[in-house]
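This briefing is meant for a reader who has not seen the structure before. Please look over the sequence and the model, then read the points below.

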Amino acid sequence: MEIKDIIRSHAFLKVFIKDDVVFNSLKEKFPEIIADLTTLKNNANCSCRGRTVNYLISKIESEKDFFSYMFSEENIKNIVKREEEEKESIKRSRGRSNVL
């Protein structure tokens, strides 16, 4: 799968943008779209989705190293691991609240 296909995918919004490490990297690398990135992180169905995706796709060639790292197998594994840890933490905290 090519990087532009990943950016267009629902997984990009659901997994990548929701991940704080990725989100902060995108904000730092592309400060000109911080408002759209922030809105998108909080609402994946916002009207800025298409604009943000198109902007990022337009930057693939000039920012090849950045995107290659962001969507590398190693980084994706780290993102999935963080997401699983967060889910597990939520489960544990819910379990504790049920005990009280």
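In which helix do K77 and E73 both lie, and how many residues apart are they? Both lie in helix α7, four residues apart, which is about one turn of the helix. The model is a predicted one.

**Salt bridges**

- The structure holds six salt bridges, and three of them are described here.
- Side chains of opposite charge can pair when their charged atoms come close.
- One of the bridges is formed by the side chains of K77 and E73, with an N to O distance of 3.4 Å.
- K77 is exposed, and E73 is exposed as well.
- An α-helix has 3.6 residues a turn, so residues three or four places apart point the same way.
- Another bridge brings together the side chains of R82 and D19, at 2.7 Å from N to O.
- R82 belongs to helix α7 (residues 73-99) and D19 to the loop between α2 and α3, so this bridge ties together parts that are 63 residues apart in sequence.
- R82 counts as partly exposed because its relative accessibility is 27%, whereas D19 has a relative accessible area of 8% and is therefore buried.
- A further bridge joins the side chains of R51 and D36, where N and O are 2.8 Å apart.
- R51 lies in helix α5 and D36 in helix α4, so the pair ties together parts that are 15 residues apart in sequence.
- R51, at 51% relative accessibility, counts as exposed, while D36, with a relative accessible area of 15%, is buried.

**The disulfide**

- There is one disulfide in the structure.
- The disulfide links C46 and C48, with an S to S distance of 2.5 Å.
- The torsion about the S-S bond of C46 and C48 is about -70 degrees, so the disulfide is left-handed.
- C46 and C48 are both buried.
- C48 is also one of the residues in contact with D36, when neighbours of D36 within four places in sequence are left aside.

**The largest nonpolar core**

- The largest nonpolar core has 26 residues, and those that touch the most other members are I7, F12, L26, F30, L56, F67 and F71.
- Two or more residues of this core come from each of α1 (3-8), α2 (10-17), α3 (20-29), α4 (34-42), α5 (49-58) and α6 (64-70).
- Which residues does L56 touch, not counting those up to four places away in sequence? They are I7, F12, L26, F30, I33 and F67.

- The buried residues of α3 are V22, F23 and L26.
- Seen down the axis of α3, these buried residues fall within an arc of 100 degrees, so they line one face of the helix.
- L26 is also among the core residues that touch the most other members.
- At the start of α3, a side-chain oxygen of D19 comes to within 3.2 Å of the backbone nitrogen of V21.

**Helix α4**

- In α4 the buried residues are D36, L37, L40 and K41.
- These four cover an arc of only 135 degrees around the axis, which puts them on the same side of α4.
- A35 and N42 are exposed on the other side of α4.
- Is K41 buried or exposed? K41 is buried, because its relative accessible area is 16% and the limit for a buried residue is under 20%.
- The side chain of K41 makes a polar contact of 2.9 Å with the side chain of D20.
- Apart from neighbours within four places in sequence, K41 is in contact with I17, K18, D19, D20 and F23.
- F23 is also one of the buried residues of α3.
- D36, apart from its neighbours within four places in sequence, is in contact with C48, R51 and T52.
- R51 is also the salt-bridge partner of D36.

Definitions and conventions:
Residues numbered from 1 in each chain as written. Predicted model: local features only at pLDDT ≥ 70, side-chain atom pairs only at ≥ 80, totals over all residues. Heavy atoms only, no water. Core = buried A, V, L, I, M, F, W, Y, C linked by side-chain atoms within 4.5 Å. Buried < 20%, exposed > 50% of the residue type's maximum accessible area, 1.4 Å probe, protein only. Contact = heavy atoms within 4.5 Å. Disulfide = S-S within 2.5 Å. Salt bridge = Lys/Arg side-chain N within 4 Å of Asp/Glu carboxyl O. Arc of directions from axis to C-beta. Polar contact = N/O pair within 3.5 Å; in protein donor to acceptor, adjacent residues only side chain to side chain.
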